[in-house]
Amino acid sequence: APSQQVPAAAAAAGTQAAPPTGASKALEGAAPQNPFDVPRPTWQQILIVPLGSPVFVCCLLLLGPVLYYGHRADLRFEAENARLREERLASRRRRRSEQGGADVDA
């Protein structure tokens with residue numbers, strides 16, 4: 001194939017022919033076009049796109065009541081734990097007084 005042969009002047013100088021134009025652009029630092037390259041989403045797209053999802057909107061609406069009732073349950077359990085702690089301490093005091101202070105460690 002004549003296009004693959006090195007010209008006589010270039011062969012005499014010990015250099016090869018100039019690369020094709022697409023390769024010269026790649027060598028110059030310009031990125032070659034990739035047909036499979038997918039552009040990265042912008043921060044606006046990342047923040048706004050989930051708002052259109054019905055699942056995201058439902059979860060967002062349910063988050064408030066879940067946090068509210070969870071906090072109420074925590075307060076209720078905390079009060080119950082305090083009441084049970086007082087009952088345990090009172091029963092320990094009764095046992096100690098019934099034993100007359102003997103063998104307190106048991």
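The model is predicted: local features need pLDDT of at least 70, side-chain atom pairs count only at pLDDT 80 or more, and totals for chains, interfaces and linings use all residues. Residues are numbered from 1 along each chain as its sequence is written, and side-chain values use heavy atoms, with hydrogens and water left out.

User: Why is the pair of Tyr68 and Tyr69 called edge-to-face?

Analyst: The structure holds one aromatic pair. The ring centres of Tyr68 and Tyr69 are 5.2 Å apart and their planes sit at 70°. Rings of Phe, Tyr and Trp (its six-membered ring) pair if their centres lie within 6.5 Å; planes under 30 degrees apart are stacked, over 60 edge-to-face, and the rest tilted. So 5.2 Å makes it a pair and 70° makes it edge-to-face.

User: Why does Tyr69 count as exposed, and what is Tyr68 called?

Analyst: Buried means under 20% relative accessible area, exposed over 50%, and partly exposed in between (1.4 Å probe, protein chains only). Tyr69 has 52%, so exposed it is. Tyr68 has 48%, so that one is partly exposed. As for the chain, 2% of its 106 residues count as buried.

User: How do you know that Glu87 and Arg83 form a salt bridge?

Analyst: The term asks for a side-chain nitrogen of Lys or Arg within 4 Å of a carboxyl oxygen of Asp or Glu. Here the N to O distance is 2.8 Å, so the pair qualifies. A search of the whole structure finds one salt bridge. Both residues lie in helix 4, four residues apart, about one turn of the helix. Glu87 is partly exposed at 42%, and Arg83 is partly exposed at 44%.

User: What makes the nonpolar surface patch?

Analyst: Patches take residues with over 30% relative accessible area and no salt bridge, joining nonpolar side chains (Val, Leu, Ile, Met, Phe, Trp, Tyr) within 5 Å and like charges within 9 Å. This one covers about 670 Å² and is made by Leu51, Phe56, Val57, Leu60, Leu61, Leu63 and Leu67. Leu61, found in helix 4, has 63%, so the area condition is met.

User: Which residues form the positive surface patch?

Analyst: Arg85, Arg88, Arg92, Arg94, Arg95 and Arg96. Lys and Arg count as positive, Asp and Glu as negative, while His and the chain ends are not counted. Arg96 is in helix 4 (residues 54-99) and has 43%, so it's over the 30% mark.

Note on methods: Accessible areas come from the Shrake-Rupley method with a 1.4 Å probe; for residues, only the protein chains shown count as cover. The place of a charge is taken as NZ of Lys, CZ of Arg, CG of Asp or CD of Glu. Helices (H or I, at least four residues) and strands (E, at least two) are DSSP runs, numbered from the N terminus.
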